[in-house]
Amino acid sequence: MNKDLRAQIEERQTRWLVFLDKLNKRAEELYNAALPELNALKKNDDDPNKSTYNKILSGICGQLDLIRSKAYHAHDQEILDFYYCLRRSEITSSHPLSRSLDNFREICYESFNEFEQSLYEMRDRLREEKREEIEEEYAKIIDSFNVAKDKFRCSQCGHLLPVERIFFISVHIPCPACNTQNTLEPGRQARNLQFIAKKLAEKRCEHLLAAYRNEKQNERDLYHKAHAIKLDSIHKSDKDKAIAKKQMEDINLERERSIKNAPHLYAAYLRAVCDEMNDILPEFKAHHEKIYFEQINQTEKKDGK
């Protein structure tokens with residue numbers, strides 16, 4: 001009977017890994033075909049909103065989400081349901097195959113976790129724009145403004161108008177010589193500033209976001225490390241169990257520090273993005289600060305503060 005159960009577990013694990021490998025290959029094919037197409041479309045699309053580009057990008061990311069969803073439901077039905085069914089009916093904690101069943105669940109979970117992370121990375125890379133590209137576009141906008149600002153003249157007397165800051169919407173400026181109100185329209189490139197400001201700010205602060213994500217991943221890794229030690233100690237001697245308990249306590253202390261530190265790292269990222277936005281679009285500082293405090297409040301509510 002044990003032999004039959006062991007064979008069922010091994011067969012189920014093999015089928016799962018093969019299934020996951022097929023899904024991963026399908027996702028990679030989709031990603032590899034989409035990436036050059038999206039890059040070319042983004043480069044050649046003059047629409048500041050990049051409507052066509054964003055529509056196609058959204059569709060591809062949606063397909064990746066469907067692949068992830070398929071794996072998620074299969075893991076629930078084929079792995080977890082199978083595990084708990086055997087655990088309840090045939091393989092109790094004292095059964096010779098108890099450790100094998102736990103290993104099966106861990107291997108399948110880890111493989112799903114790696115697959116899911118791979119999909120998230122593909123989606124992030126598809127959405128990602130290189131900071132150098134956005135910085136270059138920003139520099140072009142500034143250069144264009146610096147050339148144009150010396151050409152803004154009063155429509156009545158021709159006096160040079162004092163335009164010190166870049167603008168991307170229509171502005172009204174009085175002539176210092178004759179006091180005539182002049183309406184100035186931004187150039188095409190200047191209008192693009194509002195579309196790239198947030199992306200540029202986020203790109204400049206991506207190292208802070210990476211630090212936050214690394215801390216979150218560290219917390220997850222510590223959890224799985226402690227869990228693996230717990231599973232490994234189930235059938236060991238009391239002495240070994242005591243050693244394992246001490247190891248888990250140390251790991252959990254480190255994990256608690258990671259849990260507490262992550263929100264601070266994310267708050268530092270949000271603050272830095274807000275500061276960058278204030279620097280790029282100073283006339284909207286009040287709006288940026290409002291959004292920042294809303295994000296901080298949402299983060300604190302999520303963390304239970």
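I take a residue as buried when its relative accessible area is under 20%, as exposed when over 50%, and as partly exposed in between, with a 1.4 Å probe and protein chains only. By this criterion I found that buried residues make up 34% of the 305 residues in the protein chain.

I note that the model is predicted, that local features need pLDDT of at least 70 and side-chain atom pairs pLDDT 80 or more, and that totals for chains, interfaces and linings use all residues. Numbering runs from 1 along each chain as its sequence is written, and side-chain values use heavy atoms, with hydrogens and water left out.

Entry on the fold. I assigned elements as DSSP runs numbered from the N terminus, with helices (H or I) of at least four residues and strands (E) of at least two. I looked up nine helices and two strands in the protein chain, in the order α-α-α-α-β-β-α-α-α-α-α from the N terminus. With contact defined as heavy atoms within 4.5 Å, 66% of the contacts between residues at least 6 apart in sequence join residues at least 24 apart.

Entry on H3 and H7. I fitted axes as lines to C-alpha atoms over the stretch in contact, with angles from 0 to 180 degrees between N-to-C directions. The axes of helix H3 (residues 98-127) and helix H7 (residues 206-232) come within 11 Å and cross at roughly 170°. Among the contact residues I list Arg 99, Asp 102 and Arg 105 of H3, and Arg 213, Gln 217 and His 224 of H7. The residues of this contact divide into two nonpolar, four polar and eight charged; Ala, Val, Leu, Ile, Met, Phe, Trp, Tyr, Cys and Pro count as nonpolar, Asp, Glu, Lys and Arg as charged, and the others, Gly among them, as polar.

Entry on the cavity. I found one cavity of 30 Å³ or more, and the largest cavity has a volume of about 30 Å³. Its lining consists of Leu 64, Asp 65, Arg 68, Leu 119, Tyr 120 and Arg 123. Helix H2 (51-89) and H3 each give two or more residues to this lining. For the search, a cavity is a set of points on a 1 Å grid over the protein atoms alone where a 1.4 Å probe fits but cannot get out, and lining residues have an atom within 4 Å of a point.

Entry on Glu 289. Glu 289 lies in helix H9 (residues 285-302) and counts as buried at 15% relative accessibility.

How values were computed:
On a 1 Å grid over the protein atoms alone, a cavity is a set of points where a 1.4 Å probe fits but cannot get out, and a pocket is an open set with protein on both sides within 12 Å along at least five of seven lines; lining residues have an atom within 4 Å of a point. Grid points are joined across faces, edges and corners, and a volume is the space filled by probe spheres set on the points.
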